[in-house]
Amino acid sequence: MIEILDARELAQAKESGALVGGILQSLKSRTVVGTNLLDIDQWTKALIAEAGGQSCYVDYEASFGRGPFGHYICTAVNDAVLHGKPSDYQLADGDLLTLDLAVSLGGIAADAAISFIVGETKAPEDLAMIDATERALAAGIAAARPGARVGDISRAIGTVLGAAGYQINMEFGGHGIGSTMHQDPHVSNMGRPGRGYQLRPGLLLALEPWVMQDTAELVTDDDGWTLRSVTGCRTAHTEHTIAITPDGPEILTKPSA
Ligand code: MG
């Protein structure tokens with residue numbers, strides 16, 4: 001199903017997006033060497049409740065996961081990249097952490113992810129990988145003009161990731177979002193320009209370029225959820241929810257200044 005939001009729903013989507021962007025920023029600023037992933041999960045739970053929002057994750061049972069997720073945020077460390085289930089792990093200096101969060105507020109969901117390095121030791125390859133996903137996201141957003149097609153976004157994202165030297169996994173990518181977290185259309189991180197669903201004002205999309213250092217192949221962790229690189233290499237992931245407006249794309253999940 002593809003949802004086109006009306007003006008009231010779009011106004012709500014902006015509030016949902018600001019909440020998600022704000023929570024991610026708050027979590028990033030509190031995360032230090034020694035922080036436990038389960039603490040980040042509990043901070044998230046409290047911040048969502050404080051805002052009167054609802055977690056899109058805690059009861060989520062997806063075909064690609066085992067049982068309800070049971071947590072409030074995805075925490076993916078180093079070789080983990082998607083659907084990272086928080087575990088009893090204390091972050092170490094130089095860990096590459098991805099936080100991915102979806103929250104529903106007033107009936108509209110927003111979804112965003114950030115990757116960053118914990119502590120002081122910042123490997124150049126990690127910084128380059130994070131930078132590539134951020135640049136790919138910016139290119140994908142720039143391509144998300146009304147009248148363009150989903151394939152134009154996919155092409156823009158994939159071109160940046162490919163030029164940076166990364167292989168692209170076609171199994172997991174971006175998606176429509178609205179009254180629920182995952183909707184059509186699927187937005188692959190590589191695709192053919194001019195193909196796919198035509199973008200129109202009122203459509204919300206979550207765009208999410210992600211890469212792994214030296215592979216495109218994933219393996220599922222024993223926890224039934226966390227997806228890791230098959231080679232054990234490190235990974236990065238960046239995501240925003242955007243609205244298609246008559247004037248162009250608008251980012252809804254920007255961190256508050
Ligand atoms: Mg998403």
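**Metal site.** I began with the magnesium ion and read the spacing of its donor residues along the sequence: D-x63-H-x32-E-x30-E. The model is predicted. I then looked up the donor atoms. They are D111 (OD), H175 (NE2), E208 (OE) and E239 (OE), and they lie 2.2 to 2.3 Å from the ion.

E208 sits between β8 (204-207) and β9 (210-212). E239 sits between β12 (235-237) and β13 (240-245). The two are 31 residues apart, so I noted the pair as a link between distant parts of the chain. Are they buried or exposed? Both E208 and E239 are buried.

Next I checked an open sheet of 3 strands. I read its order as β3-β11-β10, with antiparallel pairing. Which strands stand at the edges? They are β3 (80-82) and β10 (218-220); each has a single partner strand, so one side of each lacks a neighbour in the sheet. Neighbouring strands here are turned by 45° against each other on average, direction ignored. I followed β3 to β11 (residues 227-229) and found 2 bridges in the antiparallel sense. L82 has L227 of β11 as its bridge partner.

**Whole protein.** I counted 4 helices and 14 strands. The C-alpha atoms fill a box of roughly 45 × 40 × 35 Å along the principal axes. The radius of gyration is 17 Å; a compact globule of 257 residues would have one near 18 Å, so the two agree. Buried residues make up 55% of the 257. Of the contacts with a separation of 6 or more, 69% join residues 24 or more positions apart.

Terms used: Residues numbered from 1 in each chain as written. Predicted model: local features only at pLDDT ≥ 70, side-chain atom pairs only at ≥ 80, totals over all residues. Heavy atoms only, no water. Pairing = 2+ DSSP bridges. Axes fitted to C-alpha atoms, helices over the stretch in contact; angles between N-to-C directions. Donors = N, O, S within 2.8 Å, 3.2 Å for Na, K, Ca; no water. Buried < 20%, exposed > 50% of the residue type's maximum accessible area, 1.4 Å probe, protein only. Rg over C-alpha atoms; globule rule 2.2 N^0.38 Å. Contact = heavy atoms within 4.5 Å.
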